[in-house]
Amino acid sequence: MRVLVVEDDKDLNRQLVAALGDAGYAVDSAFDGEEGYFLGDTEPYDIVILDIGLPKMDGISILEQWRRSDRKMPVIILTARDRWSDKVAGMDAGADDYVAKPFHMEELLARVRAQVRRASGHAKSEIECGPLRLDTKTARVTCNGQQVKLTSHEYRLLAYLMHHNGRVVSRTELVEHLYEQDFDRDSNTIEVFIGRLRKKIPADVIETVRGLGYRLSETPAEA
Amino acid sequence: MRFHSLAFRLFATAAAWTLLVLPIAGFIIYQLYRDDVQASFDGQLLKLVNAITVDSMGSAAGEAQPLPPSNLYEPLFEVTHSGWYWQITPLQPATGRKLVSPSLATWTLPSPEAKSVAPDASGARWLNTKGPKGEPLRIVEVIDSLGHEPGKPRYSIVVAGPQDWLDHLVANFRYRLTTALALAGLGLVAVTLFQVRFGLLPLRQIERGLAAIRSGTATTLDGDLPAEIEPLQSELNALIRSNQAIVDRARTQVGNLAHALKTPLAVITNEARADKTGLGDKVVEQAEIMKQSVTRYLDRARMAARVGVIGRVTPVAPVVESLARALQRIHQDKGIIINVDCAADARFSGEKQDLEEMLGNLLDNACKWARREVELTIETPTTTSRARNRRLAITVADDGPGLSEEQRSRIGKRGLRLDETKPGSGLGLSIVLELARSYGGTCELAQAPQGGLAVHLNLPAG
């Protein structure tokens, strides 16, 4: 899951990046409106955390322009302006949620999880797929009730596949959604991580669709 | 017309002037007329006395006695006690012949000369006296010598005319003059009244314009006003604009301050949570207090900035629509349905932001506690037709667990939160209360028919 943080306060930006990174997201950050707009317009983020009062270009304009050019990723507005008129303006511009500063990091993370789940069509905070169970609150994966120990990259990969279970996810899509913008992208690393994952969970859960990508199968075993 | 009003001042000065000038003018006209009539009457008497003098004294050259006038001159000289008399009396020697008009009968006219009345430039002496019937008489006397020659016997020639005829004439004139002037005075007062009303009409226009601004149907003082009060109009409009600008600026500044304070607070709190030495907890606790204070005083500042702003009216329906949309999205995980029943013509007499703040907080609370549905009803009760007394009755009700009576009376007092498990600053309701009070409205908590909490908000309608 890739997250974009657009926040001009350097300390807060750093805290957000750290907290989201710890929670298993690939995080990009921007410190002003223009940079934030550009990243959101060109990269396929799964969610954006957007400040309103930004230098160069304000958050509301950024959001409106994204929505005009049909960028549909969930956006959580993070701002000190907590009057209802501000909230309504933000929601009307196309935001999906609104968090007022100062905020509890846990609350923000919960809202991020909720938006990501909803965007991929899951209603509950736990996603099940065959023997696998992903608790998005605790970022833990269990297989037949046994906890699976995963590195952060392995977790990202599996979590993305589980969010989009039942459909084929291409390698390019995986690369785009799992790594930060300036990560050295080599689609071979995906194959390496898939290989490692298959050793930790039943190997046939992740199905390789030749020439297209991977699919998480609800009912393995039959293949 | 009130005593302390422009109209009264204008009317009073104009009326006083009229009432002062008209009698003076009347008096002067009356005097002039009376003098004129008197002069003309005196002229007639003088003509008569001269004619009789010439006739009786001059034509009798060589005669030792004056002759009776050959001409009658005035028929009334023949009628007894007619008021018209003449009399020729010898002075030196006193034995001369005395002649009188038949009208005089046995009466004798007094001699002004004998009463030491000084002669005027023409040598005539004038006197007002009473006649045989006690009627006022005007007497003129000329003293001449027989044949107009000095040294000859001297006679006093007296002619009298009825002064009361003249007095009657003058009185008649005075009556008509007074009537005419009184009518003119009444007319002038009426015209003044109209002039004041008509002249001050633009002030009524301003009054109506200001009422329109206050009720919010206009934002500036419109209309084509006369040149004298046009500066007042433009100044008033400038004042309204600058007032508005000050409020907007204050809001912006307050918003900026909020932004400037809250971001560092967020940073400190997040940093402190990672600290395990105990100092972190203290910082988190204090930062929370700071956050509450910032929020509370920013709201106060916003409210203070609004006091004195006139003429803002907010249509309720659009506000409610966008709020309901935003809140359903915020609470979409719970799938809350907000049922809105809003009177189409409902208008709030106040700032849009304040209405949004009150409704937003109430709806947000309701959404947090509701199981499925939130009801929002906005009515405009037609209890009174007077514009300034119209009210909005707003009810926000949810189907959640609701509150006990004891909880309801406790809540909202200090913005305290009854349940710490639901997110929120806990200031929501107290802000609603304060805002409603600042608009002269009320906010009451009750039991909703569907089981949850019902909040009744009563606000001034626009």
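Leaving aside its neighbours within four places in sequence, which residues is A:Val3 in contact with? Select A:Val3 and look for A:Leu20, A:Tyr25, A:Val27, A:Tyr45, A:Asp46, A:Ile47 and A:Ile49. Two residues are in contact if their C-beta atoms, placed from the backbone, lie within 7 Å.

A note before we move on. This is a predicted model, in which local features need pLDDT of at least 70 and side-chain atom pairs count only at pLDDT 80 or more, while totals for chains, interfaces and linings use all residues. Residues are numbered from 1 along each chain as its sequence is written, and chains are lettered from A and ligands numbered from 1 in the order in which they are written.

**The cores**

A:Val3 is, with B:Leu323 and B:Leu363, among the residues with the most contacts inside the largest nonpolar core, which has 105 residues. A nonpolar core is a set of buried Ala, Val, Leu, Ile, Met, Phe, Trp, Tyr and Cys residues joined through C-beta atoms within 7 Å. A residue is buried if 20 or more other C-beta atoms lie within 10 Å of its own, exposed if 12 or fewer, and partly exposed in between. Another core, of 23 residues, lies apart from the largest one; select B:Val49, B:Tyr85, B:Leu109 and B:Val142 to see some of its members.

**Chain A and its helix α2**

Of the 223 residues of chain A, 43% count as buried.

Select α2 (residues 33-42) of chain A, whose buried residues are A:Gly33, A:Gly36, A:Tyr37 and A:Gly40. They sit on the same side of α2(A), because they cover an arc of only 100° around the axis; the arc is that of the directions from the helix axis to the C-beta atoms. An α-helix has 3.6 residues a turn, so residues three or four places apart point the same way. The cover over these buried residues includes β1 (2-6), β2 (26-30), β3 (47-51) and α3 (59-68) of chain A.

**Where the chains touch**

Bring chain B back. The contact takes 23 residues from chain A and 25 residues from chain B. On the side of chain A that touches chain B, α4(A) gives the most, with six residues.

**A sheet in chain B**

Next, color the open sheet of five strands in chain B, ordered β7-β9-β10-β12-β11 with mixed pairing. Two strands pair if DSSP finds at least two bridges between them. Its edge strands, β7 (337-342) and β11 (442-447) of chain B, each pair on one side only. Inside the sheet, β10 (residues 391-398) and β12 (residues 453-460) of chain B pair in the antiparallel sense over seven bridges, and B:Ala393 stands opposite B:Asn458.

**Last stop: B:Pro162**

Is B:Pro162 buried or partly exposed? It is partly exposed, because 19 other C-beta atoms lie within 10 Å. B:Pro162 lies in strand β5 (residues 154-162) of chain B. Leaving aside neighbours within four places in sequence, B:Pro162 is in contact with B:Gly83, B:Trp84, B:Glu135 and B:Leu137.

Technical notes:
Helix = DSSP H or I, 4+ residues; strand = E, 2+ residues; numbered from the N terminus.
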